[in-house]
Amino acid sequence: MTDSIHITRRGGQKSRLTLKAREMMEAWLFVSPTVIGFIIFFLGPLLAVAYYSLTEWNLLTQQATFVGLANFENALLENPDFWHVVRNSVIFALGLVPLNMALALTLALALSRPFRGVVFFRTVFFAPVVTSAIAWAIVWKFMLQGEGGFINQVLALVGISGPNWLREPNWAMAAVIITRVIKMVGLNMILYIAALQAIPRDYEEAARLEGASRRQIFSMITWPLLAPATLVIMVITTIGSFKVFDHIYQMTGGGPENGTLVLAFYIYQQGFKFFNVGYASTLAMIMFAIVMVLTLVQVALRRKGME
Amino acid sequence: MSLRQTRILYRACWTIALLIAAIPFIFPFIWMVSAGFKSVTEIFGAPSLIPRVWRWENFVEVFTYQPFARQYFNSLYIAILVTGLTLVISSLAGYALARMRFAGAALLMLFLISALMVPEEVTIIPNFFLMRWFGLVDTHWPLILLPTFGPQGVMATFLMRQYFLALPKELEEAGKMDGLTRFGVWWKIALPMSRPALAAVAIITFLHSWNLFLEPLIFVSSLEMFTLPLALSNFNDSYGLPLWNLQLAATSLAVVPILIVYLIAQRQIIESFALSGVKG
């Protein structure tokens, strides 16, 4: 109170400036923990990893030498592992994203309106989301054991001799994708339910009065109105699929024969197993670039959608 | 068939389809608990949901194989600390970004938004050297500092900002008239009004910390310092093969309490995730 009186007494241009300056100082005080933490643990490291990516630095030799773009050349042009890893990451994303989104939308359509049991089903489909990925991977790895694993024992009942899921590269990739979809689909389901509930009911009722079938209502009303949500969910899910680490670490360890070695795991392996700091940083920069491109695509598409 | 009958049939078909679809979501949990009680010989024998011999010793051996109680406690206290810190820091910054005008605010927003999308894997290598330089490797500090100030903390900040923006300004202005400082307005008026947002941030932050894996894997090496996910992946014999019954018993101990809390507060928890996702 005394402050404000003081200022009104002084009056004029100058006091307004000091008031502004004071508010500004307060604001920076409020954001200072965030800003300081951001600089130390995010911005600084981001600049550092950009620099590391230009060095040849093996922790065992303890020497960093500036080599320019040699690591990028190595990754993109020489090292066959890199493209194998990119291929795996792309297969993982191409398998996971459509499967996840189709299932999420189907579940959301079934569960967006109240009926008896709707809460039960939502709770069930969302439960793996709150569970640790390590725990989820442990249990599925157990159930997917080649001999005596639960899945193969069930398959045996109907006369199918199941493969040794996690020991064959293609089956391992399929297993990782499917168990990841089951783990994460609940999140997208919830986002789709929120989007569906935001669509006014009148649209659908009007269409029904006009004699539109369920399929027509979906393809001509619901699906177009869901487009913004679909875009956001698609980008989030794709970025998430490039980040996946713990799930693969626990289920396959990148194997068999590097069949599930994806980008995030490759960075960990190069940096913290083989101590190739320079090369691992190059991989991190490539991952950063991929995520940035995906984000910009989302922003661009959103802007286009608004016009 | 009448219209009513077809509708009932339609509904029944959907319900049955949903029940079948629910199996891979529920069954792993049930099988996990069941296997946690079995012996090594029974675990890969003919499948049975109820163990033929209940081997309670598994749940004792979990604690003697490694300091599991200590590891459990580590996860708990780290998650609580991270949650508390995140609540304070994100609500302060979120409030300033929503309510106060200051030079650099737009730039700060831009920086924070870009941080939101960048995976931890990108900055983990320099962060490792940073922590080593601070002498914090094999302590819990990295597991507290990185999530609090990393993308997770930024996400919390945006969630808070979004909520503050939607609050009516009048009460806060009245508070200012009554002589409250900015800090007082934040603490006495804005925070109490934003309990739903604080709850959402708390839930998401706690679970994120509780399930964190990459950071513990990289920063922590001694068994007493392990957190739960790291401990779970460590139930292996000397050949590196999983000790399945112990591992599954331990996993049950780690997962079931979270599931119970989830079942009690499922509405609140699911809404929290919806809130954080919509923004992203």
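The model is predicted: local features need pLDDT of at least 70 and side-chain atom pairs count only at pLDDT 80 or more, while totals for chains, interfaces and linings use all residues. Residues are numbered from 1 along each chain as its sequence is written, and chains are lettered from A and ligands numbered from 1 in the order in which they are written.

**Contact between the chains**

Chain B contributes 70 residues to the contact and chain A contributes 69 residues. Two residues are in contact if their C-beta atoms, placed from the backbone, lie within 7 Å. On the side of chain B that touches chain A, the largest share is the 11 residues from helix H1 (residues 3–36) of chain B. Helices (H or I, at least four residues) and strands (E, at least two) are DSSP runs, numbered from the N terminus. That side of chain B has 52 nonpolar, 15 polar and three charged residues. In this classification Ala, Val, Leu, Ile, Met, Phe, Trp, Tyr, Cys and Pro are nonpolar, Asp, Glu, Lys and Arg are charged, and the others, Gly among them, are polar.

One helix pair spans the two chains: helix H6 (residues 133–143) of chain A and H1(B) have axes that come within 10 Å and cross at roughly 80°. Axes are lines fitted to C-alpha atoms, for helices over the stretch in contact, and angles run from 0 to 180 degrees between N-to-C directions. H6(A) and H1(B) are therefore roughly perpendicular to each other. By definition, angles under 35 degrees are roughly parallel, over 145 roughly antiparallel, 65 to 115 roughly perpendicular and the rest oblique. H6(A) makes the contact through Val139(A), Trp140(A), Phe142(A) and Met143(A), and H1(B) through Pro28(B), Trp31(B), Met32(B) and Ala35(B). This contact of H6(A) with H1(B) has eight nonpolar, no polar and no charged residues.

**Domains and hairpin of chain A**

Chain A is assigned domain 1 (2–52) and domain 2 (74–306), with bounds from an automatic or database domain assignment. The C-alpha centres of domain 1 of chain A and domain 2 of chain A are 41 Å apart.

Strand S1 (residues 55–58) of chain A pairs with strand S2 (residues 63–66) of chain A in the antiparallel sense over four bridges; strands pair if DSSP finds at least two bridges between them. Thr55(A) is opposite Phe66(A) in S2(A), and Trp57(A) is opposite Ala64(A) in S2(A). The hairpin of S1(A) and S2(A) has four residues between the strands, and Gln62(A) there takes a positive phi near 60°.

| Helix pair | Axes come within | Crossing angle |
|---|---|---|
| H4 (residues 80–111) and H10 (residues 214–243) of chain A | 9 Å | roughly 140° |
| H9 (residues 170–177) and H10 (residues 182–193) of chain B | 10 Å | roughly 140° |

That makes H9(B) oblique to H10(B), and their crossing is right-handed. A crossing is left-handed if the near helix is turned anticlockwise from the far one by less than a right angle, and right-handed if clockwise. The residues in the contact of H9(B) with H10(B) comprise four nonpolar, one polar and three charged.

H4(A) and H10(A) are therefore oblique to each other, and H4(A) passes H10(A) in a right-handed crossing. Among the residues making the contact are Phe92(A) and Leu96(A) of H4(A) and Ile233(A) and Met234(A) of H10(A). The contact of H4(A) with H10(A) has eight nonpolar, five polar and no charged residues.

**Backbone exceptions**

Most residues other than glycine have a negative phi, and most peptide bonds are trans. Gly255(A) and Pro256(A) are joined by a cis peptide bond with omega about -10°. Pro256(A) is in the loop between helix H11 (246–251) and helix H12 (263–273) of chain A. Glu257(A), which is not a glycine, has a positive phi of about 50°, and Glu257(A) is placed in the loop between H11 and H12 of chain A.
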